[in-house]
Amino acid sequence: MKSIINKIVLFFVLLDNIFLPIDIGVDFRLNYLVMIIYIIYYACTHKSVNLNKKKTLLFITGLILFLIITILTAESYLLVIKQLVLISITLTFSYLLLNSYKFDYIKIFKDYILLITLAGIIVVIQFIGTKTNLTFLVDYSYLGLDTGGIRLNAPRGRFHSWFYEPSFMAYAFMPVIFIAVARLFGIGNLLSLRRSIFLIVILFMAKSTLGLLGLLLSMLVLILSKYPIYKKPIFLACLIIGLFVSSFLIYKIPAVKFRVDETYTLFTAKKVTSKEVAKTNLSTYALYSNFKITEASLKEAPLLGTGIGTYELNYDKHLNNVIPTSNWRNNFKINRQDANSLLFRMLVEIGFIGTFLLLFSIFKNRIKYNIKDNVITQNLWAINNGVLILLILRFLRQGHYTMLGFILMILIYYLSSQASKQNSSNLI
């Protein structure tokens, strides 16, 4: 029974585009309600929570220091409190879910892979729906899901299952895609070769620039980890040529090419005019406008930022000063709350110091590949590095702290690193 509940709850982590008509200052998603119910359920059915006293003490100490800094620097305590409450609920839920799995990261990822496979099957159903003109197989808004522009994307060959848009599907898929590529390289056994190929093909059907970038990064990490190319120049030459050819082929995909071209044009322009902003695509405008807002905000509060959750204040303050008047600027506030990039948002909200400490922690907790690792450690390595690729993509695009189980993935990233160290020490 517990196993079934865990799978259902994990599914709702990925089902974050159903919104409830509850006005509390944030978009209240159905999965937030599921998290709260799960926390109550856990408190009623479990006798204890497994906590490491030393790490818990360090976490509490860090939290207190963070709160002190926030109190001294925050421009809006209300926004800070709102964001901290949301993060606290998600963090508590994520830890309790892992505790319910007895911190078996391989088991939770087997369930996660099952759900991603289901999402891949739905992409196939959507493809069939477009060929047979059966709209109900493509657009699931009648189920309460906000599937964004699926009716426009699907006829153009871009599918994103039940997720809001192709990039969101790419975020959900990325840790599993890394595991799939690792399996093709003979590392780990979480996926079969057949399912690995299937999921990689599904990723291509999303035609997400970020998803394809994540695939390239996965291949790069795997090649650099498994093969000592620095000792064999021929391997390095083949890698460079291979990456160049792969990048060029991906760039030639029309859905990717026009985004890359317009982004390059906008960022390299000496002076961006209203005309240039107006003719660019929405994705490029979102990236460029939030970059300029981040740039302006850092000039005012570079070291400690303006407080977690306060990006929207900086957006409202700087938008009209850094972006010329245009249809996009005048009628849309794109990524006003999440900065379109986790890196942009962190720089603004916690400054250079906080961002550096977080990036250092991520680098420190990456599991390094060892050819002598057993299968269990290989699987932990694949999970850990798969989440790392997800983190990189989220730093580039998508700054929402709690979307698509992001905090759960961060916990898995850190705790899998600790589990790998323990597993390695037990073998010595």
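In this predicted model, Glu312 and Arg336 form a salt bridge whose closest N and O atoms are 3.5 Å apart. Glu312 belongs to helix H14 and Arg336 to the loop between helix H15 (327-331) and H16, so the pair ties together parts that are 24 residues apart in sequence. With a relative accessible area of 12%, Glu312 is buried, because buried means under 20%. Arg336, at 23% relative accessibility, counts as partly exposed.

A salt bridge also joins Lys333 to Asp316, with 3.7 Å between the closest N and O atoms. Here the loop between H15 and H16, which holds Lys333, is linked to helix H14, which holds Asp316, across 17 residues. Glu312, Asp316, Lys333 and Arg336 are linked in a network of salt bridges.

In the whole structure, eight salt bridges are found. Another of them pairs Glu300 with Lys317; Glu300 lies in helix H13 (residues 282-300) and Lys317 in helix H14 (residues 311-322), 17 residues apart.

| Salt bridge | N to O distance |
|---|---|
| Glu300 and Lys317 | 2.8 Å |
| Glu312 and Arg336 | 3.5 Å |
| Lys333 and Asp316 | 3.7 Å |

Lys333 counts as exposed at 55% relative accessibility, whereas Asp316 is partly exposed at 36%.

Elsewhere on the surface, Ile69, Leu303, Leu304, Phe352, Ile353, Phe356, Leu357 and Phe360 form a nonpolar patch with about 770 Å² of accessible area together. Helix H16 (residues 342-364) supplies the largest share of this patch, five residues. Phe352 is located in helix H16 and, at 43% relative accessibility, counts as partly exposed.

Notes:
Residues are numbered from 1 along each chain as its sequence is written. This is a predicted model: local features need pLDDT of at least 70, side-chain atom pairs count only at pLDDT 80 or more; totals for chains, interfaces and linings use all residues. Side-chain values use heavy atoms; hydrogens and water are left out. Patches are made of residues with over 30% relative accessible area and no salt bridge: like charges are joined within 9 Å, nonpolar side chains (Val, Leu, Ile, Met, Phe, Trp, Tyr) within 5 Å. Accessible areas come from the Shrake-Rupley method with a 1.4 Å probe; for residues, only the protein chains shown count as cover. A salt bridge is a side-chain nitrogen of Lys or Arg within 4 Å of a carboxyl oxygen of Asp or Glu. Helices (H or I, at least four residues) and strands (E, at least two) are DSSP runs, numbered from the N terminus. Buried means under 20% relative accessible area, exposed over 50%, partly exposed in between (1.4 Å probe, protein chains only).
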